Amino acid sequence: MNNVAIYPGTFDPITNGHTDLVSRATRLFDRVIIAVAENTSKKTVFSIDERVSMARAVLADIENVEVCSFRGLVTSFAKQRDVKVIIRGLRAVSDFEYEFQMAGMNRQLHEKTETVFLMPSEHLSYISSSLVREIAALGGDVSKFVHKDVMLALRNRLVVQ
């Protein structure tokens, strides 16, 4: 059996919450593919190459993890890679409705794909990339929320207005 899972997202930037989910996922799956979304409707701060590079640096110490970019539907990427499991993170109950809808749509697009929901550790459940970007842009300390390399990249990219 192909015990591989895809964890898709924009990872703009990758946070300690993402890292926690990847670590948890590697206990459940032989290999986890971090699929950084290239074409997204979200306006990203970092380019696709920067987001992939940061994710690779942050996750370098976790075994059985591959980081790559993808374009288009995650279900198409899953078919290409012959992966049957998509991992999604749930931080709070408010995430559930959207993620439940997405899981249903993904199943319609690729019926052999299952979505597995994972929750980060409680002390990381409030972290989101958008909040980290906002705090960094306003000159706040994000060292508790992201890897040191990501913190430096945020400092270099975002300027307090």
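## A walk through the model

Start by selecting Phe100, which sits in helix H4 (residues 93–109). Helices here are DSSP runs of H or I with at least four residues, strands are runs of E with at least two, and both are numbered from the N terminus. Before you move on, note that this is a predicted model, where local features need pLDDT of at least 70, side-chain atom pairs count only at pLDDT 80 or more, and totals for chains, interfaces and linings use all residues. Residues are numbered from 1 along each chain as its sequence is written, and side-chain values use heavy atoms, with hydrogens and water left out.

Is Phe100 buried or exposed? Phe100 is exposed, at 54% relative accessible area. (Buried means under 20%, exposed over 50%, partly exposed in between, with a 1.4 Å probe and protein chains only.)

**Next, the sheet.** Colour the strands and you'll find an open sheet of 5, in the order E3-E2-E1-E4-E5, with parallel pairing. (Two strands pair if DSSP finds at least two bridges between them.) Click on E3 (65–70) and E5 (114–118): these are the edge strands, each with a single partner, so one side of each has no neighbour in the sheet. From one strand to the next, the twist averages 30 degrees. Now zoom in on E1 and E2, which pair in the parallel sense over 6 bridges. Pick Ala5 and look opposite: there's Val32 in E2.

**Now the core.** Select Tyr7, Ile34, Leu59, Ile87, Val142, Val146 and Leu154, the residues with the most contacts inside the largest nonpolar core, which has 34 residues. (Such a core is a set of buried Ala, Val, Leu, Ile, Met, Phe, Trp, Tyr and Cys residues joined through side-chain atoms within 4.5 Å.) Which helix or strand gives the most to this core? That's H2, with 5 residues. Stay on Ile34: leaving aside neighbours within four places in sequence, its contacts (heavy atoms within 4.5 Å) include Tyr7, Phe11, Val22 and Leu59. Then hop to a second, separate core of 12 residues, with Phe70, Phe77, Ala78 and Ile86 among them.

**Last stop, H5.** Show Ser129, Val132 and Ala136, which are buried in this helix. Turn the view to look down the axis of H5: its buried residues fall within an arc of 60 degrees (taken from the directions from the helix axis to the C-beta atoms), so they line one face of the helix. What covers them? Among the elements covering the buried residues of H5 are H1 and H6.

How values were computed: Axes fitted to C-alpha atoms, helices over the stretch in contact; angles between N-to-C directions.
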